[in-house]
Amino acid sequence: MRVLFSNYLDDQIEKLKEILDILNKKYKYASVLGNDVKGKNFTFSKTGFDISDSNWNERGFVFRVYNGSFYTEVSINNLDKHVYEIIGIIDRELVYAREFSKGFQVNNYPLINEEYLKKDFFDEVSSSFLKKEEEILKRFKSIYEKSFNKSKNLIDMTINVEWVRNSKLFLSDKKFLKQSYIWSQGYQIPVMKKGEDIKVAYYGYSGQKGLEIVSEMENDLDYCLNHTESILNSKKIEPGIYEVICSPEISGLIAHEAFGHGVEMDMFVKKRAKASEYINKYVASNIVNMYDGVKSVKQVSSYLFDDEGVLGNDTKIIDNGVLKNGISDQLTALKLNTLSTGNGKRESYKRKAYSRMTNTFFSSGKDTLENMIKSIKKGYLLLDEISGMEDPKNWGIQCMLLSA
């Protein structure tokens, strides 16, 4: 089924165009991003079934204006006021920004030059979450009961799914862009006890998909329980240096921390990224290729355009071992005299756009897992990720794993 675009945003288009027409007569550049994001969070565990609004829910607009020197942004959460009242709010914020900036060293930027572009994207999902709360409760309860029937060591089982419909609109003098898609994520978290030992594992699911994510969780239940049992019976690894093979999950964690956060080019501007010193230099084996892209896969961070109205791209970060590119937002690209990679992302309409990842991954190689294992005399296959942390300035990372 097709993911419908926000009626609310559609209803605001003519008023937004009127506002932009006035702003474009007063300023050299003006644009607006409209967000209407809504979704639900479902959780089932020993304590019961909970339904709540997604933490990502938001509705609002961010106007960007160029005053000939730098860009100022103003966020508004409703358009109920008269057009000239809204213009007045924007004008006052721009005056305040110019006065406030006098006490600081401010980055000056050139004018954004856009080409005429009208485009939209409305995703398809196989099954919607809308009006399916009773079905979701029934399926979660079934997973929960099956879990306890399959494992005598299980003391709790948490099943969680969150879905979000993203509707976004971007307008400027030359651009008219619309997109609407659903992304969802889910977790199964078994808690097991044996004697005095308690072990917790979690298994994640995500993508631009609807209720099919629950089917994936149902089909994966035996693996989740059996693997958690093996963790419950595991021994601690003796500290040391070992040869290792990374599962795709752990390879993704390394890609995310070192060559995702590590090559976000807003840090290049601030001289807080070691990666800027290694462009066009070898940073890996010559068989390594790595990408960040919205088009390569259909995942949570795939979209038509980013939060600055720049079309999403596929960026090859590492080319046969050589670091070739970072990822950037629009203002960072203007400052560095490069092209934006379509990675301008906002936490919400209330926040500025930063250079942030989309889908970051190593591309496939030619070796089989069997041959990789044969090549190691003694080592470990690294499996379950817990967390990661990056240090772009010194290009260090910390990766926390549950098991190997």
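Modeller: The sheet is open and consists of 4 strands in the order S13-S12-S11-S16, with antiparallel pairing; two strands count as paired if DSSP finds at least two bridges between them, and the elements are DSSP runs numbered from the N terminus, helices being H or I of at least four residues and strands E of at least two. Strand S13 (322-323) and strand S16 (360-362) stand at the edges with a single partner strand each, so one side of each is left without a neighbour in the sheet. Helix H6 (residues 248-259) packs on this sheet and touches S11, S12, S13 and S16, contact meaning heavy atoms within 4.5 Å. The direction of H6 makes about 120° with that of S16, where axes are lines fitted to C-alpha atoms, for helices over the stretch in contact, and angles run from 0 to 180 degrees between N-to-C directions.

This is a predicted model, in which local features need pLDDT of at least 70 and side-chain atom pairs count only at pLDDT 80 or more, while totals for chains, interfaces and linings use all residues. Residues are numbered from 1 along each chain as its sequence is written, and side-chain values use heavy atoms, with hydrogens and water left out.

Within the sheet, strand S11 (residues 290-293) and strand S12 (residues 314-319) run antiparallel and are joined by 4 bridges. Gly293 belongs to strand S11, and its bridge partner in S12 is Asp314. With a relative accessibility of 0%, Gly293 counts as buried (under 20% relative accessible area; exposed is over 50%, partly exposed in between, with a 1.4 Å probe and protein chains only). Beyond its neighbours within four places in sequence, Gly293 is in contact with Asn313, Asp314, Thr315, Thr358 and Asn359. Of these, Thr358 is 65 residues from Gly293 in sequence, yet their C-alpha atoms are 5.9 Å apart.

H6 and S16 are among the elements that give two or more residues to its lining. On a 1 Å grid over the protein atoms alone, a pocket is an open set of points with protein on both sides within 12 Å along at least five of seven lines, a cavity is a set where a 1.4 Å probe fits but cannot get out, and lining residues have an atom within 4 Å of a point. Grid points are joined across faces, edges and corners, and a volume is the space filled by probe spheres set on the points.

The search of the whole structure finds 1 cavity of 30 Å³ or more. The largest cavity has a volume of about 50 Å³, and its lining includes Ser31, Leu33, Val62 and Arg64.

As for the cores, the largest nonpolar core has 27 residues, of which Leu16, Ile19, Leu23, Phe61, Phe63 and Ile90 touch the most other members. Such a core is a set of buried Ala, Val, Leu, Ile, Met, Phe, Trp, Tyr and Cys residues joined through side-chain atoms within 4.5 Å. Helix H1 (7-26) is one of its contributors, and H1 gives the most, with 8 residues. Apart from this core lies another of 25 residues, including Phe42, Met157, Trp163 and Leu225.
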